[in-house]
Amino acid sequence: MEYKLDEIDLKIVRLMQENARINNAELARILGMAPSAVLERVKKLEQKEVLISYHAKVNPSAVNQNLLSFIFIKANEIIGDEETGKLLAQIPEVLEVHDIAGDDGYIIKVRTSDTIALMNLMKRSLSSIPGIISTRTIIVLQTVKEDNQLIII
């Protein structure tokens, strides 16, 4: 899908990416526009699926999700088949699923409370997915930067 965004649209996206809770009146004040015009633009950005959703960023430690891991998964599926990826996406602890180039078919981002919970997830969930040949796990020792904000030029 092609998006034709003008400078005002880009400013709205930047501002909302910085603070998804910014209200329409504040957006209008910053942009020097009428609130109704800003609301119409935001609705169009949602309809065009430029703005996909709004989220709160939660501190993982506050909800006992202290261990961050990345798991490379080799699957025996045909290229373009998404069945394994769809099954991986259904696992609650899996935050991201990426179909990747190279020897491994997927990389997933996983949060668990500790290594025992990670091992249980691998035994319980990953081992039940048909077609997974092997896994390779990387445990994160420290996160230096974790950000989902896109650079909007």
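**View 1. Helix H1 against helix H2.** Lys-11, Ile-12, Leu-15 and Met-16 of H1 touch Leu-27, Ile-30 and Leu-31 of H2, where contact means heavy atoms within 4.5 Å. By class, this contact holds 6 nonpolar, no polar and 1 charged residues; Ala, Val, Leu, Ile, Met, Phe, Trp, Tyr, Cys and Pro count as nonpolar, Asp, Glu, Lys and Arg as charged, and the others, Gly among them, as polar. A quick word on the source: this is a predicted model, with pLDDT of at least 70 needed for local features and 80 or more for side-chain atom pairs, while totals for chains, interfaces and linings use all residues. Residues are numbered from 1 along each chain as its sequence is written, and side-chain values use heavy atoms, leaving out hydrogens and water. The axes of H1 and H2 (residues 24–31) come within 11 Å and cross at roughly 130°. Axes here are lines fitted to C-alpha atoms, for helices over the stretch in contact, with angles from 0 to 180 degrees between N-to-C directions. H1 and H2 are therefore oblique to each other (under 35 degrees is roughly parallel, over 145 roughly antiparallel, 65 to 115 roughly perpendicular, the rest oblique).

**View 2. Helix H2 against helix H3.** H2 packs on H3 (residues 35–47) at about 110°, the axes being 8 Å apart. That makes the pair roughly perpendicular. On the H2 side sit Asn-24, Leu-27, Ala-28 and Leu-31, and they meet Pro-35, Val-38, Leu-39 and Val-42 of H3. The tally for this contact is 7 nonpolar, 1 polar and no charged residues.

**View 3. Helix H1 against helix H3.** Here the axes come within 11 Å and cross at roughly 80°, which makes H1 roughly perpendicular to H3. Ile-8, Asp-9, Ile-12, Val-13 and Met-16 of H1 meet Arg-41, Val-42 and Leu-45 of H3. Sorted by class, that's 6 nonpolar, no polar and 2 charged.

**View 4. The largest pocket.** About 1,300 Å³ of space lies in this one. A pocket is an open set of points on a 1 Å grid over the protein atoms alone, where a 1.4 Å probe fits, with protein on both sides within 12 Å along at least five of seven lines; lining residues have an atom within 4 Å of a point. The volume is the space filled by probe spheres set on the points, which are joined across faces, edges and corners. Of the 34 lining residues, Ser-53, His-55, Asp-147, Asn-148 and Gln-149 lie nearest the centre. H1 gives the most to the lining, with 5 residues. Helices (H or I, at least four residues) and strands (E, at least two) are DSSP runs, numbered from the N terminus.
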